[in-house]
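User: I would like a close look at a single part of this chain, followed by its wider setting. Please keep the account connected.

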Amino acid sequence: MSPVLTVFTPTYDRAHTLHLCYESLLKQSCKEFIWLIIDDGSTDGTKMLVEAWMKEGKIPISYHYQENQGMHGAHNTAYRLIETELNVCIDSDDYVAEDAIDKIIRFWRENGNENYAGIVGLDADFQGGIIGTRIPKGLKTTTLLDLYRKHKVSGDKKLVYRSALTKNTPEYPMFAGEKYCPLAYKYILIDQIQPLLVFNEVLCHVEYQQDGSSLNMIKQYKNNPKGFSFYRIISMKYACSFKERFRASIHYVSSNLMIRNIGFIKDSPNRITTLVSIPFGVALYLYISYTKRATVMKTP
């Protein structure tokens with residue numbers, strides 16, 4: 001039977017954790033999936049490790065190596081290569097929940113069709129605790145943004161998308177000298193097309209590594225201001241309230257101060273809001289420029 005789901009894993013020098021995902025996939029009762037590994041320039045023996053697993057032949061694995069482009073570049077490559085109906089990203093230090101593949105495919109076959117963008121499920125930590133909050137009972141469909149702003153859900157959630165949408169929406173932009181653009185950019189675009197089906201089940205177990213992007217957002221802000229500026233333009237464009245638009249504009253001002261873009265007001269999709277937010281953007285710029293803390297900062 002041909003695979004329905006691609007589990008794709010972007011990885012960079014994570015040979016020491018990648019086995020967690022592999023072992024969890026071996027335990028899945030449903031085998032209608034393929035594991036796509038995007039090696040984003042690893043130098044730690046990841047290729048040899050994956051090739052050994054491929055020789056075992058226990059699960060279908062597709063391996064692709066590329067020069068380091070950052071997480072969003074690895075996602076771009078994955079979306080180009082995926083050929084199954086559905087796809088889900090499992091990070092290189094995470095693992096798939098018990099029978100999650102079977103649950104995803106069964107749920108989609110029973111409820112899914114071309115009117116939906118995919119499925120939103122739950123992430124849990126390695127001890128089984130839900131990351132953030134559960135999705136409200138009775139909620140059948142939602143966009144990702146509405147899940148957080150309207151239904152007040154918190155914490156990362158696991159997204160299973162229809163590959164037709166991830167393939168056909170614009171790719172993450174690549175900026176010279178930068179290696180990060182918030183992944184939420186593409187999710188916002190998909191939100192404008194179709195809602196997600198809600199599946200209040202744990203699909204993935206996650207752990208935030210000390211060298212991961214989630215725990216080093218201040219560093220990401222400093223090193224990738226063009227990527228963040230681009231993302232804030234999209235955030236402002238699709239904000240549903242002044243509060244959201246104002247918050248995005250503050251971050252937009254800060255990022256443009258970093259890249260010395262004196263024309264940022266002209267480039268903004270909401271010029272008046274951006275003008276008003278300048279003092280707050282300057283304050284954020286100064287904080288990011290001079291703090292040495294590795295701080296978690298939400299990007300939605």
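In which helix is the place of Ser-254?

Analyst: In this predicted model, Ser-254 lies in helix H10, which spans residues 242–258. Ser-254 counts as buried because its relative accessibility is 1%, under the 20% limit for that class. Leaving aside neighbours within four places in sequence, Ser-254 is in contact with Gly-281, Leu-284, Tyr-285 and Ile-288.

The segment covering residues 272–290 carries the annotation "transmembrane region" in an unreviewed UniProt entry. In the model, residues 272–290 are 100% helix and 0% strand, with 28 Å between the C-alpha atoms at the two ends.

Turning to the nonpolar cores, the largest has 69 residues. Within this core, Leu-5, Leu-25, Trp-35, Ile-101 and Tyr-187 touch the most other members. Strand S9 (residues 196–205) gives the most to this core, contributing seven residues. A second, separate core of eleven residues includes Leu-284 and Ile-288, together with Tyr-221 and Ile-250; Leu-284 and Ile-288 are also among the contacts of Ser-254.

Not counting residues up to four places away in sequence, Tyr-187 touches His-75, Tyr-79, Leu-144, Leu-159, Tyr-161 and Tyr-172. Tyr-172 in turn belongs to an aromatic cluster with Phe-175, Tyr-185 and Phe-230. The charged end of Lys-186 sits over the ring of Tyr-172, 6.0 Å from the ring centre. The count of aromatic pairs comes to 15.

How values were computed. Residues numbered from 1 in each chain as written. Predicted model: local features only at pLDDT ≥ 70, side-chain atom pairs only at ≥ 80, totals over all residues. Heavy atoms only, no water. Core = buried A, V, L, I, M, F, W, Y, C linked by side-chain atoms within 4.5 Å. Buried < 20%, exposed > 50% of the residue type's maximum accessible area, 1.4 Å probe, protein only. Helix = DSSP H or I, 4+ residues; strand = E, 2+ residues; numbered from the N terminus. Contact = heavy atoms within 4.5 Å. Phe/Tyr/Trp six-rings, centres within 6.5 Å; stacked < 30°, edge-to-face > 60°. Lys NZ or Arg CZ within 6 Å of the ring centre and 35° of its normal. UniProt positions renumbered as here; feature names shortened; annotations may be inferred.
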